[in-house]
Amino acid sequence: MTGDARRHDDARRPGTPEADRAAGLVPQQAPTPLGRLVATVERLRREVLEAQVAADGRALVELAKGILIGQLNCTPAAAANQLDVLCRESGMSPLELAADIVNQASRDHVSEIAAEFVERTGAGAGTGPGAGGADRAGRHSTVAVRLRTAESGVLAVAADTQAVAESLLTNALGPLGAVAVAVWAAEPDGSLALAGHAGFPPREAARWRHVPPGVSTVARRALGERRLVTLADLDREGLPSIGRAEWPDGGRMAVPTGTGGRIQGVLEICWPRPLEPQAPQIERQVEALAELCARTMDASPPCDPAAADAVLPDVAELIDLAEGLQDPAVVLTPVLDSDGRLADFRIRHTGSRFVDPVGRPRGDVNGALLLEAYPLAAGESGLFDIIERVHATGEPFRAERMSLTALVDQIPVTSVANISVSRHGSAVLLIWRIQDETARLANLLQHAQRLGRIGGFEENLVTGETTWNAQLYALHGLPPTAPPVRLRELPGYAHPDDSAALGRFLRAVLRHRRPASVNLRLRRSDGITRHIRVVAEPVLDADQRLHAVRGAYQDISAQHWTEVALAATRDQLAHTEAESAERNRLALQLQHAIMPPTPQAIEAPGLRVAVRYRPAEIEALVGGDWYDTVVLPSGLIMLSVGDVAGHGIEAATGMVVLRNALRGLAVTGAGPGQLLSWLNTVTHHLAKHVTATAVCGLFDPRTRVMRWARAGHLPPVLVRGGEAEAFPLIEGLLLGALPDVAYVEREVQLEPDDTLLMYTDGLVERRDSSVQESLGHLVRVAASAAGDLDGQLDRLLAESRSDTDDDTCVIGIRVG
């Protein structure tokens, strides 16, 4: 035992100076009321710990008495007396003797570890054989007492994981020098929950109550590696864990806890100082304690019942088992109602060899409730009752030739199968092997023929016997008692226009002995005509002579009428496409007549105006963009840009109406705000279902002042001295939205060599960017586009990032 461990153990042992100093019983100065209170609390705490240790020891002694009662067939009093006699004769304490008795009787993991400890530490012990033997016996007794006492304490409080952690630290881990222990529960979602702890401050334990999935901790490493992990120095490893603030450079051990091959959690042990390499027997003791801890975790109820009910059972192992079976297997988990009673079972998994009794694919069954997928399983003494009983009792069920009934289109379909039902944890494994496979497949074939409206036949040409199935009688509209129609008689039931095709079909099958098919119109006795496809193949005997003909009829009436409707739709679509193409051609011609794609530069007093117009790449998207430059009788120059919503002939004709209306209204001498107000009235009342945006400006070449207004359009951009900025955005509703709208005007003083840009949204609009972002890009490109006016406009079009494939119109105005 290390010096730190001995001091820790002495401080816990009552009556020692270390314990007295720790309890404040050896004051360094006159006692105060507060000091007396602290000493009293510490004394009471020590007495509680001593009572717990004594209780754990008594549990071990009582277990040894029970073994003596069984071996000696004596009374409890006689067993107690015998234990006292053995203690006196052997010189061992009651705890040491009890541990020895339990080890000899149980021959379990703990006794193996104690024996292994003696074997591995026996060499070189003591100064002679006798001394070495006594020393080995003492060490054996110490290990056995420690582990057996811990086992007794753990089993005594098996339902309380917190008490289990405290018992492990007190009885087994404290003597090894450990100062704290944490018991982690592995949750189904991959997280870790602190199920119990001892030695950690309450606030630290509250902080580590839950560790989300994916967080790398000491416990997570042990869980991932599925083995005991020892860290000599936690700070050096850099892993977070509970208690790191209290013992930053302490050592850690973490070992998975599990039984039956399934891991329930992790036992993590904390030392206050760096941990020296531990002997294998110490690691074996820790693993044994983890196994004890796993038993309690497996038996303990969850701390939060509501959360436990919400977590689905872990059936991964059972699913792997089902996939390895040669027979069809189904994994089921219980479904509880609001009162906690069993309501149904959920089909969690169907094996790769799963065969549904009614032929459904696995995907239609996986995830469904058992009574939804197989409602007839709820019948008296049916499959559901068997599964419920197996789940409740754990007793497996086996049966041969058990009937399984399912519904197909409200028709019961019964299969015979060998059944095996067994419980695994909280889940149930159902295995069935369908018998009478030939009959089942024939039954499925009948359903397939019914759903596909297919009727089969076979005609024996030697005996003249013809066999039909029930579906073929239904296709002909004949009762089942009517004589079947032979192939040679079929022309009498077909439409006269199909005689030639039917004759070629009969010659191919009966004369040339080749498989063939034919589509015909079957005229039934009830006056109904059905479109039928007949497929037939010859059957030859051993001498290659025609012996029989077999085949099938299929009702293709629905397919025929669908093809007819589809052909009519194709014709209508072709006609519509031709009309649409003609309308687009006329719209494009109209647009080009009003605004040619490459207009000449416009010279006006005090201005030079250049225009770039780029139509949409797709002709069907002919838009309603327009631009106009007019020298008015007053000497003012009107500059305008607009965009009619939509595409096609309506947008093109709307553009013509609004452009010409604005040009005519401008002759009145009204300002741009009034012009847009009048144009809004025209749009709302005279143009049907038209809305548009526009910018209108009046430039005075004498003063270089431009008055402008906007109707829902993007503002012009001014380029001056290598810098560019957009006009401040002023109010202005789009044209045609309301009957009466007033528009605001603004004035801008232009200077020589200024460039003014007016444009439509096809230059800037993007699907993945806001209008402000696109406008900012335009301003940056305009500021860097030096040179003559034509070069500036060409660069604007070349660097446009628009992706809407809309018409694009740009007017550049250079002030002279």
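Over how many bridges do strand S20 and strand S21 pair? In this predicted model, strand S20, which covers residues 637-644, and strand S21, which covers residues 692-700, are paired over eight bridges in the antiparallel sense. Within this pairing, Gly642 is found opposite Ala694 of S21. Strands of a sheet are held in such pairs through backbone hydrogen bonds, and the pairing may be either parallel or antiparallel.

Both strands belong to an open sheet of five strands, in which the order is S19-S20-S21-S22-S25 and the pairing is antiparallel. Strand S19 (624-631) and strand S25 (746-749) stand at the edges, where each has a single partner strand, so that one side of each is left without a neighbour in the sheet. On average, and with direction ignored, neighbouring strands of this sheet are turned by 15 degrees against each other.

Two helices accompany the sheet. Helix H22, formed by residues 649-666, lies across S19, S20 and S21 and runs at about 20 degrees to S19. Helix H23, formed by residues 672-685, packs on the sheet by touching S21 and strand S22 (705-711), and the direction of H23 makes about 25 degrees with that of S22.

Elsewhere in the chain, helix H10 spans residues 218-225, and its buried residues are Val218, Ala219, Arg220, Ala222 and Leu223. H10 is followed by Arg226, for which phi is positive, near 55 degrees.

For the protein as a whole, 25 helices and 27 strands are found, and buried residues make up 43% of the 816 residues. Among contacts between residues at least 6 apart in sequence, 58% join residues at least 24 apart.

Terms used: Residues numbered from 1 in each chain as written. Predicted model: local features only at pLDDT ≥ 70, side-chain atom pairs only at ≥ 80, totals over all residues. Heavy atoms only, no water. Buried < 20%, exposed > 50% of the residue type's maximum accessible area, 1.4 Å probe, protein only. Helix = DSSP H or I, 4+ residues; strand = E, 2+ residues; numbered from the N terminus. Pairing = 2+ DSSP bridges. Axes fitted to C-alpha atoms, helices over the stretch in contact; angles between N-to-C directions. Contact = heavy atoms within 4.5 Å.
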